[in-house]
Amino acid sequence: MSLNFTGRALPDMNFQNLLCDIADGVATVTVNRPDKLNALDARTIGELAACFGELGSNPAARVVVLTGAGPKAFVAGADIGELASLGAAEAHALARRGQALMDLVEHLGKPVIAAVNGFALGGGCELALACSFRWAAETARMGLPETGLGLIPGYGGTQRLPRLVGRGRALEMILRGNMLTAPEALAMGLVNRVLPAAELQGAVATLAREIAARSSLTLRCALDAVEGGLGADVAGGLRQEAGLFAVAASSDDGHEGCRAFLEKRPARFIDR
Ligand code: COA
């Protein structure tokens with residue numbers, strides 16, 4: 001276990017395959033099975049669910065960074081050893097459990113940034129897709145290789161990827177099962193930025209601290225407007241946006257941010 005929360009007392013969480021610490025408002029979660037390229041076995045899925053469940057309600061974690069241990073992999077997929085002889089009911093339950101984790105990450109109510117430091121394949125690509133956005137190392141490789149294993153993506157890839165990069169690009173990736181280089185992923189909008197491998201973690205940490213300095217109420221409203229709107233038609237999304245704008249604009253932080261601009265001073269946000 002390596003759990004070093006500075007937020008509030010935690011239940012005793014014994015993580016075997018995760019590292020998690022919080023500093024300066026940023027929780028960094030590292031999938032830590034480097035000998036298996038951080039593949040998501042059942043235990044790791046359970047630990048990620050427990051960890052994100054805690055981070056969602058821990059006020060010390062204002063922004064979350066998700067990455068993989070070692071120089072080679074973010075997460076190289078679901079653990080193929082657990083997929084080799086599944087019955088239909090087991091496979092369905094496995095997919096639903098993985099999907100529930102991805103939903104938890106996507107709807108955490110706080111920004112979750114994927115620092116894609118190497119292979120992000122299959123379930124690893126799906127985990128990155130559930131994050132708010134992704135920055136990648138030049139050495140990263142991303143893809144959904146499941147069809148080559150006689151499978152299809154089952155942790156949300158068939159839904160999140162086309163919404164992010166478009167139907168044709170997603171279908172090409174899913175049907176070919178090829179690995180994209182980081183520049184290819186950048187070109188199609190799968191990642192937002194590509195950095196030299198040695199610079200990735202530092203750059204993401206700086207970015208995360210910058211975002212963590214904003215009001216968590218404001219960030220929540222922005223996330224809810226975008227995520228809620230994606231599940232609605234435009235008119236419904238606009239109604240949600242107006243409601244959330246009203247929450248943000250009428251909050252103490254909304255008043256403070258605008259006043260601070262007018263008074264030419266830094267804002268002091270209080271998350272209300
Ligand atoms: N599940 C289980 N084990 C995995 C894994 C996965 N998804 N990905 C890698 N590993 C394991 C390998 O079996 C190997 O274990 P071993 O040392 O006990 O034999 C170890 O991680 C290192 O992987 P290896 O294949 O030797 O590294 P490589 O650099 O030669 O190749 C990859 C890297 C990513 C190209 C290759 O590991 C791979 O194709 N992995 C599977 C990717 C995949 O299909 N993911 C989707 C699953 S649905």
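Is glutamate 199 buried, partly exposed or exposed? In this predicted model, glutamate 199 is partly exposed, because its relative accessible area is 45%, and buried would need under 20% while exposed would need over 50%. Glutamate 199 belongs to helix 7, residues 197-212. Its C-alpha atom is separated by 39 Å from that of alanine 246.

Helix 9 spans residues 234-249. Its 16 residues reach 22 Å from the first C-alpha to the last. That is close to the 22 Å expected at 1.5 Å a residue. Gly236, Gly237, Leu244 and Ala248 are the buried residues of helix 9. They cover an arc of only 110° around the axis, so they sit on the same side of helix 9. Arg239 and Phe245 are exposed on the other side of the helix.

What covers the buried residues of helix 9? The cover includes helix 8 (216-230) and helix 10 (252-262).

Two packed helices are described by the angle between their axes and the distance between the axes. Helix 8 and helix 9 pack at an angle of about 175°. Their axes are 9 Å apart. That angle makes helix 8 roughly antiparallel to helix 9. On the helix 8 side, the contact involves Leu217, Cys221, Asp224, Ala225, Gly228 and Gly229. On the helix 9 side, Gly237, Gln240, Leu244, Val247 and Ala248 meet them. Gly237, Leu244 and Ala248 are also among the buried residues of helix 9.

Helix 10 has its own buried side. Asp253, Gly254, Glu256 and Ala260 are its buried residues. These cover an arc of only 165° around the axis, which puts them on the same side of helix 10. The face turned away from that side carries Cys258 and Leu262, both exposed. Helix 8 and helix 9 are included in what covers the buried residues of helix 10. Just after helix 10, lysine 264 takes a positive phi of about 55°.

## Strand pairings

| Pair | Bridges | Direction |
|---|---|---|
| Strand 2 (residues 18-23) and strand 3 | Six | Antiparallel |
| Strand 3 and strand 4 (residues 63-68) | Six | Parallel |
| Strand 6 (residues 112-116) and strand 8 | Four | Parallel |
| Strand 7 (residues 119-121) and strand 9 (residues 141-143) | Three | Parallel |
| Strand 8 and strand 11 (residues 193-195) | Three | Parallel |

Strand 3 covers residues 26-31. Five of its six residues are buried, so strand 3 is largely enclosed by the rest of the structure. Strand 2 and strand 3 form a hairpin with two residues between them. In the turn, aspartate 24 has a positive phi of about 55°. Isoleucine 22 has alanine 27 of strand 3 as its bridge partner. Valine 31 stands opposite glycine 68 in strand 4.

Strand 8 runs over residues 133-137. Five of its five residues are buried. In a regular strand the side chains alternate between the two faces of the sheet. Both faces of strand 8 are covered. Phe133, Trp135 and Ala137 are buried on one side, and Arg134 and Ala136 are buried on the other. Phenylalanine 133 is the bridge partner of isoleucine 113. Alanine 137 stands opposite leucine 195 in strand 11.

An open sheet of four strands has the order 5-7-9-10. Its pairing is mixed. Strand 5 (73-75) and strand 10 (180-181) are the edge strands, and each pairs on one side only. Leucine 121 stands opposite glycine 143 in strand 9.

## Leucine 164

Which residues does leucine 164 touch, leaving out those up to four places away in sequence? Its contacts are Leu129, Arg134, Gly189 and Leu190. Arg134 is also one of the buried residues of strand 8. Leucine 164 itself has its place in helix 4, residues 157-165. With a relative accessible area of 35%, leucine 164 is partly exposed. The C-alpha atoms of leucine 164 and valine 191 are separated by 9.9 Å. These two residues are 27 residues apart along the chain.

How values were computed
Residues numbered from 1 in each chain as written. Predicted model: local features only at pLDDT ≥ 70, side-chain atom pairs only at ≥ 80, totals over all residues. Heavy atoms only, no water. Expected span 1.5 Å × (residues − 1). Buried < 20%, exposed > 50% of the residue type's maximum accessible area, 1.4 Å probe, protein only. Arc of directions from axis to C-beta. Contact = heavy atoms within 4.5 Å. Pairing = 2+ DSSP bridges. Axes fitted to C-alpha atoms, helices over the stretch in contact; angles between N-to-C directions. Parallel < 35°, antiparallel > 145°, perpendicular 65-115°, else oblique.
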